[in-house]
Amino acid sequence: MAPTAPTSEARPTLRRSLAIVWRSLRSMRTALILLLLLALASVAGSLLPQIPNSPDRVARYLVDHPLWGDLFWRAGLFDVFGSWWFTLITVLLFVSLVACLLPRSRAAIRAMRQRPVQAREIDSFRHVAELAAPGDAVSAVAAARRVLSRRLYRVEVAPDGAALAADKGALRELGSLVFHWAFVLLLLGVVIGKGFGYTGRATLAEGQTWTDAAVNYDALSLRPGRYASGDHTGVGIRLLSFRSDFRSTGVPMDFVSRVELLDAEGEVAGTEDIRVNHPASFGGLRIFQFGFGWAPVVAVEQAGTSISEGPLVLGQDRAPEGVSQLAMPWRGFLKLPSLRPQIAVELELWPDSDAFFRSLETGQPQPMLRQNAPFMNYTVWSGRLTDPSLRDLDTRSMEEIGSGVIGAGQTVDLEHACLVGGGGAGDETSSACPAGTPTTLTMAFPDLVRYSVLQVTKDVGVPIVLAAAILLLMGLLPALYTSRRKLWVRAEPDRDGVRLQIGGFALQRKPQFEEEFAKVVAAIADATGSSDASAREMVEAR
Amino acid sequence: MTHAELAVWSKDLFNVALFAYLAAMVASFAYLAFRAKPLAWASTGLGVAGLLANVASIVTRGMAAGRTPWGNMYEYSAILAALVVVAYLVAVEWRAHLRTLGGFVYAFVVFTMAMAVQFFYVGPTDLLPALNSYWRQIHVTSMIAASSLLGIGCVFTILYLVKDRGERRRVAAMQAQEPPPILGAAVDADTPPDLLPEAGEPDPQPAPGGRRGPLPSAATLDRLAYRFIAFGFPIWTFGTICGAIWAQEAWGRYWGWDPKETWAFITWVIFAGYLHARATVGWKGRRAAVIALVGFVSLFVTYYAVNLWISGLHSYA
């Protein structure tokens with residue numbers, strides 16, 4: 001078009017530009033390109049560490065590659081699936097999808113209402129056959145109609161009864177539409193579920209009770225959805241016991257949390273075993289087995305009054321390359337902010353002292369699979385506490401005042417780092433307090449229990465997503481495997497009988513239709529009483 | 001027999017299968033070159049023998065471990081190999097009467113099995129608790145089945161691209177009134193020019209005389225490739241959905257963009273792109289085939305690279 005002489009119709013108005021954008025969004029090409037872009041973005045998301053999955057690896061990457069790290073950070077490549085451009089591609093893809101689906105659905109509904117249309121010329125179709133049959137045209141066509149109906153063709157007989165049109169395979173387009181609409185439903189389910197739900201982790205030691213409230217989740221583990229109201233269900237979970245089974249080789253076999261479920265009023269609603277692959281459902285929540293560990297019960301007393309008592313959740317050191325994670329000790333900090341000066345006790349737990357000594361003898365770290373005369377190395381720090389974390393201690397404003405070993409059932413004096421009577425396990429590394437030592441601050445280690453980490457999730461979108469997935473599959477199969485086929489039959493009086501003309505074609509799976517057409521012709525020949533000798537078939541591939 | 005003996009048997013049978021497939025590959029390529037019927041029979045016989053050893057190896061492995069033998073990459077590879085060979089023997093040799101393509105399929109199988117022995121071999125052991133779910137059987141079976149079908153589809157896509165290039169060249173050469181270039185052993189420069197690409201959809205089985213060169217026509221290869229991919233794609237979809245259901249049970253979320261999940265999704269998206277491209281003007285044929293090849297690469301990354309190099313929840317190899 002000459003740019004110097006724009007006609008009034010060609011002037012780009014807003015309306016026309018929008019129409020162009022809409023049209024190009026509707027094209028398959030756009031959808032294809034968007035699909036491939038989505039794949040490309042996902043590739044980036046799988047090659048670089050992602051914040052939601054492994055924040056520690058992202059941090060390490062940023063330190064190791066400052067230049068690239070900064071660039072990738074700005075581009076949102078460390079949270080691809082949460083980035084604005086991933087959302088943009090997804091949204092465009094769905095807009096394109098819906099823009100394509102609306103007119104297609106309308107056309108499909110129209111096509112389904114429409115009856116098959118009679119053909120003018122039958123011998124111009126790809127497959128044609130002729131039969132000579134006795135009787136009159138109307139009865140021959142009626143016989144052909146029965147044959148085709150039995151084969152699930154949609155049949156329309158002409159007003160004069162001497163011709164018919166038939167088709168089959170509307171399921172192909174219907175399946176394709178169901179498949180594609182299912183994605184809209186899927187997106188809806190994901191947005192509703194993730195948007196209005198929440199997920200987080202709860203840590204509780206044996207005997208403890210946990211209540212679903214925002215403050216009770218492990219630090220930083222609670223992820224509320226974008227539209228979540230912030231209300232929680234208030235239901236409770238009490239951990240009765242935790243059991244882990246290992247083979248002697250250290251291969252885990254089973255992790256089971258036996259829990260009591262409490263409704264919002266605190267009434268016991270039931271007991272349940274939560275294990276890997278067997279979550280519990282309760283009060284709109286799904287509760288999954290996530291992790292476990294050891295929690296020594298520690299009691300601190302100052303001049304006879306208890307200032308801290310209960311199980312202390314310990315974390316595990318990361319195993320170096322080639323060492324079983326089960327051989328690593330457990331570590332945590334007991335913080336006593338009410339004392340002046342403030343006191344912190346670092347605890348290093350070895351749950352199986354047998355395995356510990358065998359490790360020393362053999363030089364090979366031994367896995368600790370069960371509790372067996374557990375002991376803890378402890379270090380006492382005095383000074384000012386700067387953060388409440390149980391997994392970390394900032395020692396810059398503190399000084400070490402002593403260290404020692406405490407076995408299960410023993411009590412130690414924290415200020416002098418010596419044993420105050422107790423169990424007397426005969427551990428030569430621990431030293432008993434000399435007689436006459438004034439003990440004011442003591443720590444007892446009466447028991448060692450397990451703790452369990454449960455993942456608690458509320459996702460109301462799951463049934464929608466599941467329904468979408470089922471629809472998607474149900475649509476996909478006919479969309480790929482059925483084919484649209486059209487057939488026509490016309491009967492004309494011929495000497496003492498009728499001449500039947502049969503024609504047809506398939507829009508998909510054409511080689512298979514050749515066989516089917518031959519079978520249909522044979523069946524019509526049978527039904528109309530055509531002798532085999534009079535059947536003249538001219539199936540040809542054009 | 002003790003479990004240890006069974007494990008040794010399984011390993012030996014695996015090696016027998018590997019070498020039988022290797023011999024079948026050699027025989028099939030030899031048939032492609034010399035067109036002597038006994039070579040084709042030898043190839044089929046060796047393929048069937050390899051398949052029997054392969055299946056026996058899987059069964060003894062299951063007995064040795066006391067569970068269904070699909071718990072790690074070594075076991076997946078054994079099953080993948082068996083399924084590829086079954087699909088090839090049934091769909092291509094038996095149903096479609098094509099015997100020239102075996103070498104390429106066996107090459108794929110031998111590669112898969114050699115990778116398994118080289119990188120993934122572990123003794124039959126117990127499963128991690130997270131893998132102990134009946135969804136595992138459904139998810140893993142369908143993922144392996146889909147991988148084998150998509151894998152064969154992509155072998156044929158490569159052959160299609162090669163053949164299509166040859167056909168185009170020959171057409172171009174003939175249009176230039178020059179003798180056709182000689183491609184492969186069976187090409188005879190004096191045969192009449194019956195090689196123009198067939199219009200529309202070709203016959204299901206082109207007459208042997210109508211073929212030129214050792215391979216079936218490009219259109220036949222394209223259709224075979226499409227059949228296998230269109231068969232594999234819904235199974236891949238189904239397997240991925242089962243994986244999501246299992247993830248919901250085991251990890252509390254149906255989708256978490258774990259590397260294996262992400263790559264399964266990428267592969268799915270690319271093959272979805274392939275199916276759409278075939279129905280799009282301007283993308284049919286070679287362009288769609290190239291998308292299928294990209295899908296093949298993605299399938300390989302999903303199957304191998306995620307386990308070897310990218311750490312995530314699926315790193316069980």
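Start by selecting A:R485, a buried residue with a relative accessible area of 12%. You are looking at a predicted model.

**Stop 1**

A:R485 lies in strand β21 (residues 485-494) of chain A and A:E516 in helix α10 (residues 510-528) of chain A, so the pair ties together parts that are 31 residues apart in sequence. Is A:E516 buried or exposed? A:E516 counts as buried, because its relative accessibility is 16% and the cut-off for buried is under 20%.

**Stop 2**

Now select A:R331 and A:E348. This is another salt bridge, at 2.7 Å, N to O. A:R331 sits in strand β14 (residues 330-336) of chain A, and A:E348 in strand β15 (residues 342-350) of chain A, so the bridge ties together parts 17 residues apart in sequence. A:R331 is partly exposed, at 23% relative accessibility. A:E348 is buried, at 16%.

Salt bridges that share partners join A:D317, A:R331, A:E346 and A:E348 into one network.

**Stop 3**

Over all chains, the structure holds 23 salt bridges. For one more, pick A:E173 and A:R104, whose side chains meet at 3.0 Å, N to O. The pair links distant parts of the chain: A:E173 is in helix α7 (residues 170-196) of chain A, and A:R104 is in helix α5 (residues 84-113) of chain A, 69 residues apart. A:E173 is partly exposed, with a relative accessible area of 25%. A:R104 also counts as partly exposed, at 25% relative accessibility.

**Stop 4: aromatic rings**

How many aromatic pairs does a search of the whole structure find over all chains? It finds 35. Select A:F81 and A:F86. Their ring centres are 5.2 Å apart and their planes stand at 85°, so the pair is edge-to-face. A:F81 counts as buried at 16% relative accessibility. A:F86 is buried too, with a relative accessible area of 7%.

Next, select A:Y61, A:W68, A:F72, A:W73 and A:F78. Together they form one aromatic cluster.

**Stop 5: a charged patch**

Finish at the surface. Select A:R145, A:R146, A:R150, A:R151 and A:K519, which gather in a patch of positive charge. Which helix gives the largest share of the patch? Helix α6 (residues 137-150) of chain A does, with three residues. A:R151 is in the loop between α6 and β2 (154-157) of chain A. A:R151 is partly exposed, with a relative accessible area of 30%.

Notes: Residues numbered from 1 in each chain as written. Chains lettered and ligands numbered in written order. Predicted model: local features only at pLDDT ≥ 70, side-chain atom pairs only at ≥ 80, totals over all residues. Heavy atoms only, no water. Patch = residues over 30% accessible without salt bridge, like charges linked within 9 Å, V, L, I, M, F, W, Y side chains within 5 Å. Areas by Shrake-Rupley, 256 points an atom, 1.4 Å probe, with all protein chains shown as cover. Salt bridge = Lys/Arg side-chain N within 4 Å of Asp/Glu carboxyl O. Lys, Arg positive; Asp, Glu negative; His and termini not counted. Charge placed at Lys NZ, Arg CZ, Asp CG, Glu CD. Helix = DSSP H or I, 4+ residues; strand = E, 2+ residues; numbered from the N terminus. Buried < 20%, exposed > 50% of the residue type's maximum accessible area, 1.4 Å probe, protein only. Phe/Tyr/Trp six-rings, centres within 6.5 Å; stacked < 30°, edge-to-face > 60°.
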